[in-house]
Amino acid sequence: MKTSIWIVDFGSQYTQLITRKFRELGFSSIIMTVEDALEKIAKESPEALVLSGGPQSVFEDTTDYSPFFSNNKLPILGICYGMQILGQFFGGKVEKGVQGEYGLAKLKIVSNQKIPGLPNESDVWMSHSDHVSKLPNGFKLIFQSENGLTAGITHEVKPILGLQFHPEVHHTVHGKDILSYFLNEIAHLKSNWSSKTMLETSLEEVKAIKGSKVLCAFSGGVDSLVAATLTQKIIGDDLYCFFVDHGLLRPQDIHHIKLLQEKTSLKIEIVNVEEQFLKALHGHKDPESKRKIIGKTFIDVFEQKVLEFEKNHNIKFEYLLQGTLYPDVIESISPHKKGGKSVTIKSHHNVGGLPERMNLKLLEPLRFLFKDEVRAMGLELGLKHNWVFRHPFPGPGIGVRVLGELSRDSIRKVQESDQILFEELNANHLYDSTWQAFTVLLPVKTVGVKGDGRAYEEVIAVRMVNSQDGMTASITEVPWSFLNKVSSRICNEVKGITRVVYDCTSKPPGTIEWE
Ligand code: XMP
């Protein structure tokens, strides 16, 4: 991707949003670590630099940031911590805050600077404790907070803007006006990002490897479907998709794959390895052990099947196609995540170990995109709306939706109850209004009455959540009549279930999946 706005990531939780907002304004940008940016800036001369917010304090930071400020013509936007860095560098004073400013605050324009679209007073999102208490040399004050603190500064001659608040956060009502002011009127950049450039960039990526055989661990989810469709457009029959049926799928998943086999020109090989998974999982109750076994078995069987396929067809795969998205790329470069001591909540199952093991190079044509952009691209590629807007389904599938040990009968209970939920969501036009909806089998028995007899059977939990990215989630509010219908159908139609409960836990503290 040709882009030369660098967003230097000081570890703010909002850094991704700067890229998002820039794209909405028609500009591409890349996120870089501080170390990378400091090392490369002299050689690669970006068109503009954004110094993001971060959790540090300038009082503890001894890094020499002078390479960022050596070119007087380089447009720079400092946000929160970024503004404090430039404030200190240019001879201003940063003071430790007594109270700090967190959350919504009022921003006042205190100069005659005209910013298109921005009223004299507006709501902004603040999240800082230190602040710039004396203006740096050559700067003028343009914004103040309602507490009288410095909220925005600009250089008298150089193209530099410093903001103590976060213009990238949705709650900053005129954030886009301010970012647009920086890009267009301070930096004078040319817009370069649109859905057309997005598609072209991804296609370029694939064109570069034309002639090679490409392997795809295909799940049928939106990311792998869009990545495969895009790749197939360029390399045609050199793309081979393998779908692993581990027996932990819902009826809708099998149906979906068969439909894709029939309706698209993708070559999809279904590998049925149900027995291997059930055998490997036998006797295991612990959620982490189950996740690890599913992940390892997946890689083992996938490698074995591909090697057999290569032998039988006398071909050699060179690339592994993956639907990696930009948030995963950012996550892997974030200073706090990379090598950091973050606690493992769940071992997510993916095919991360495959490329080295099978000596494959990676092809990741979606790695600059966010989920909604991938969906837009999917539609542009002619994929059906309901394929592109499918709910996420975890790699370990029903394996983490039967709590405790798995058996054929427990898998059946989740498959049948999930199918009922799916049918009712569609019948009531509720599928698109929730991020994810599924059923979970709880390994407890409760007493009930069926017909005239006593029943002592298991419980199904229905979980429906709304989310932007799966990182946080809130429960979906659904009509009682809908829950009533789903519950009644599950108790009547799924053998061995007498009770249905609705999970009303947000994330955090709950996670979306139960295991
Ligand atoms: P949690 O349960 O961590 O889930 O709150 C967040 C989102 O991730 C999905 N999920 C997975 N996706 N492999 C995946 O591809 C996994 O191992 C996995 N575990 C959870 C989950 O369905 C939700 O959308």
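Which order do the strands of the open sheet of 5 strands take, and with what pairing? In this predicted model, the order is β14-β13-β12-β15-β16 and the pairing is parallel. The legends below describe close-up views.

**View A. The open sheet of 5 strands and its edges.** The strands follow one another as β14-β13-β12-β15-β16, paired in parallel. Strands β14 (268-272) and β16 (361-363) form the edges, and each of them pairs on one side only. Direction ignored, neighbouring strands of this sheet are turned by 30° against each other on average. Between β15 (residues 319-321) and β16 there are 3 bridges in the parallel sense. L320 has L362 in β16 as its bridge partner.

View B. Helix α8 (residues 251-263) lies across β13 and β14. The angle at which α8 runs to β14 is about 150°.

**View C. The open sheet of 9 strands.** Here the pairing is mixed, and the strand order is β2-β1-β3-β4-β11-β10-β9-β6-β7. Strands β2 and β7 (121-128) stand at the edges with a single partner strand each, so one side of each has no neighbour in the sheet. From one strand to the next, the twist averages 25°. Strands β4 (residues 76-79) and β11 (residues 160-163) run parallel and are joined by 4 bridges. The bridge partner of L77 in β11 is L161.

View D. Helix α1 lies across β1, β2, β3 and β4, and runs at about 160° to β1. This helix, residues 15-24, is mostly covered, with 7 of its 10 residues buried. The buried residues of α1 are T15, I18, T19, R20, K21, F22 and R23. Just after α1, G26 has a positive phi of about 95°. Helix α5 (residues 175-186) lies across β1, β3, β4, β6 (101-109) and β11. Relative to β11, α5 runs at about 170°.

**View E. The two faces of helix α2.** In α2 (residues 34-44), the residues V34, A37, L38 and I41 are buried. Viewed down the axis of α2, the buried residues fall within an arc of 100°, so they line one face of the helix. They pack against β1 (5-9), β2 (30-33), β3 (48-51) and α3 (66-69). The face turned away from this buried side carries E35, E39 and K43, which are exposed. Just after α2, S45 takes a positive phi of about 30°.

**View F. Aromatic pairs of Y326.** The count of aromatic pairs comes to 19. In one of them, the ring centres of Y326 and F368 are 6.3 Å apart and the planes stand at 50°, so the pair is tilted. Y326 lies in helix α11 (residues 326-333), and F368 in the loop between β16 and α13 (371-380), so the pair ties together parts that are 42 residues apart in sequence. Both Y326 and F368 are buried. Y326 also forms an aromatic pair with F370, which is edge-to-face, with 5.6 Å centre to centre and 85° between the planes. This pair links distant parts of the chain, since Y326 is in helix α11 and F370 is in the loop between β16 and α13, 44 residues apart. Why does Y326 count as buried? The relative accessibility of Y326 is 4%, where buried means under 20%. F370 is buried as well, with a relative accessible area of 5%.

View G. R20 lies over the face of F370, at 4.6 Å from the ring centre. R20 is one of the buried residues of α1. The charged end of R454 sits over the ring of Y456, at 5.4 Å from its centre. Ring pairs also link F10, Y65, F68, F69, Y81, F89, F90 and F139 into a cluster.

Note on methods. Residues are numbered from 1 along each chain as its sequence is written. This is a predicted model: local features need pLDDT of at least 70, side-chain atom pairs count only at pLDDT 80 or more; totals for chains, interfaces and linings use all residues. Side-chain values use heavy atoms; hydrogens and water are left out. Buried means under 20% relative accessible area, exposed over 50%, partly exposed in between (1.4 Å probe, protein chains only). Two strands pair if DSSP finds at least two bridges between them. Axes are lines fitted to C-alpha atoms, for helices over the stretch in contact, and angles run from 0 to 180 degrees between N-to-C directions. Contact means heavy atoms within 4.5 Å. Rings of Phe, Tyr and Trp (its six-membered ring) pair if their centres lie within 6.5 Å; planes under 30 degrees apart count as stacked, over 60 as edge-to-face and the rest as tilted. A charge sits over a ring if NZ of Lys or CZ of Arg is within 6 Å of the ring centre and within 35 degrees of the ring normal. The arc is that of the directions from the helix axis to the C-beta atoms.
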